[in-house]
Amino acid sequence: MQIVETTNEGLKRAYTVTITAKDIAARIEGEVTKIAPQVRMPGFRPGKVPANLVKKMHGPQLHQEALNTSVREAIDKVVADNKLRPAMQPQIDLAEGYEEGKDAALTVSLEVLPTIAAPALDGLKLDKLVVPVSDAEVDEQVAKLAAGAKNFTDAKKGKKAENGDQLIIDFLGKLDGTPFDGGAAQDTALELGAGRFIPGFEEQLVGVKEGDEKTITVTFPADYPADNLKGKDATFDITVKAVKVAGETKADDAFAKSLGLEGLDQLKGLLRGQLEQETAGQTRTQMKRALLDQLAAGHDFDVPPSMVEAEFAQIWQQLTQEAANEEDPAAALKEIEAEKDDYRAIAVRRVRLGLLLSEIGQANGVDVTSQEMQMLMAQAAQQYRPEDRQRFYEYVQQDPMAAAQLRAPLYEDKVVDFLFDKAEVTEKTVTRDELQAAIEAEETAEPAAKPAKKAAANKAAPAKDEKPAAKKEAKPKAEKAEAAPKADKKTAAKKPAAKK
């Protein structure tokens, strides 16, 4: 095998690699020797099939496997002999005209990680903005919870239904006079004004009384999940079986016990804990961004363009998806197009900080334990069907880059926690609004974990353009993006949740 370096500019490297026909042929002969005892052929005893016949039967497959193995070994040798730390998976091109019996000439192109001196951690200073949870805030949450737990009781006979009242109805939906699947239900509870049914459905029932029968006409939304109903006009035959009014729910021990708790004090304790957890998460976000700003200000080095492009592509994909969901998608897309250079700068910052955090973690022995890795795998496996979870485990265990992707977010958090411990932290008591304002004042988003890149920095191994990549935060407005909930398919009259 002959290796010649052809490019060494900045972080770019390129090599020509020649794998001799003799080496490939020797590997094929080795494979023939290995599989011959298992080959079965009429007229020969097991294990006695001549080698030339084995090669004739499996020649193309054996040659391809031998070539692939030779290429993998060649790449490993290029990386090891030149002490390279690939930033992404190397690009490999086989010269045109190659065929069996000839030398294989390869071109290997890659980008390497920059050499980063372990940064000094002295002088890190951070403000920790703490929001104490007051009794008034807890009481407010209890009151909201009680207000949301409406208790409906039968209204007086003859009462006309108003917004806020609950109806118990039977309904039958029809298209052109013919009932359609999913358009009927009995004893359905409907709160007028709640907006849970398709537009126009609830509004036409204001003023009905118990025992009324009424036919209403509605138009299904153009984005309704059932194709046969999208944009269609339909009628619904309604029978009002009861009208109920909302009663006041008191925030007392009885209410807490209705939730399965011992009493009001336990409910308040749980809500206080939730509020404290929420503000603690916001405090960490504020501290992390301040920390990353300090690191970014003190370090400037070249980063691999391929990593930047991969990061930017992920940011851009999220932004364009968000723009598509805006009221005016074209205007939203035009707005982000005008800021494209800003988002590319964010991608550069994220990559640089990701590499820097990885370097700090390596230099200080930060790692993810096997127990933590098992926990991460178990959590990630929950998104798959039970019958597919074992395949997911095997995929992660067999693919180092997939494991690195899963490990990366926790690894980054552990490095950040390590830096928090090293920093001089000043605790300051602020209001919730002041904490939120401090977070929003950070104009640059923190670097999102980029698993494959982290793996390259962490293990000096070539990173694959693999799945599944974690979603990133691109900018404050991108942080608010949420997956639309699934449409409510219990009855066709019900409004798709995505519309809400």
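User: Is Phe312 buried or exposed, and at what relative accessibility?

Analyst: This is a predicted model. Phe312 is found in helix H6, residues 305–324. Buried means under 20% relative accessible area. Phe312 therefore counts as buried, with a relative accessibility of 6%.

User: Which residues is Phe312 in contact with, leaving aside its neighbours within four places in sequence?

Analyst: Val351 is 39 residues from Phe312 along the chain, and the C-alpha atoms of the two are separated by 9.7 Å. With neighbours within four places in sequence left aside, the contacts of Phe312 are Lys340, Tyr343, Arg344 and Ala347.

User: At what angle do helix H8 and helix H11 pack?

Analyst: H8 covers residues 340–363 and H11 covers residues 400–422, with their axes 10 Å apart. Angles of 65 to 115 degrees count as roughly perpendicular, and H8 and H11 are therefore roughly perpendicular to each other. The packing angle is about 70°.

User: How do the residues of the contact of H8 with H11 divide into nonpolar, polar and charged?

Analyst: H8 contributes Leu357, Ser358, Ile360, Gly361 and Gln362. From H11 come Tyr411, Glu412, Val415, Phe418 and Leu419. The division is six nonpolar, three polar and one charged.

User: How far apart are the end C-alpha atoms of helix H1?

Analyst: H1 has 15 residues, 21–35. At 1.5 Å a residue, H1 should span 21 Å, which agrees with the distance between its end C-alpha atoms: 21 Å.

User: Within what arc do the buried residues of H1 fall, seen down its axis?

Analyst: Residues three or four places apart in an α-helix point the same way, because there are 3.6 residues a turn. In H1 the buried residues are Ala21, Ile24, Ile28 and Val32. Seen down the axis, they line one face of the helix because they fall within an arc of 85°.

User: Which exposed residues are on the face of H1 turned away from its buried side?

Analyst: The buried side of H1 includes Ile24 and Ile28. The face turned away from that side carries Lys22, Thr33 and Lys34.

User: Within what arc do the buried residues of helix H3 fall, and which helices are included in what covers them?

Analyst: H3 runs over residues 135–148 and reaches 20 Å from its first C-alpha to its last. Val138, Val142 and Ala146 are buried in H3. These buried residues fall within an arc of 75° seen down the axis, so they line one face. What covers them includes helix H4 (253–258) and helix H5 (264–298).

Key. Residues numbered from 1 in each chain as written. Predicted model: local features only at pLDDT ≥ 70, side-chain atom pairs only at ≥ 80, totals over all residues. Heavy atoms only, no water. Helix = DSSP H or I, 4+ residues; strand = E, 2+ residues; numbered from the N terminus. Expected span 1.5 Å × (residues − 1). Buried < 20%, exposed > 50% of the residue type's maximum accessible area, 1.4 Å probe, protein only. Arc of directions from axis to C-beta. Axes fitted to C-alpha atoms, helices over the stretch in contact; angles between N-to-C directions. Parallel < 35°, antiparallel > 145°, perpendicular 65-115°, else oblique. Contact = heavy atoms within 4.5 Å. Nonpolar A, V, L, I, M, F, W, Y, C, P; charged D, E, K, R; others polar.
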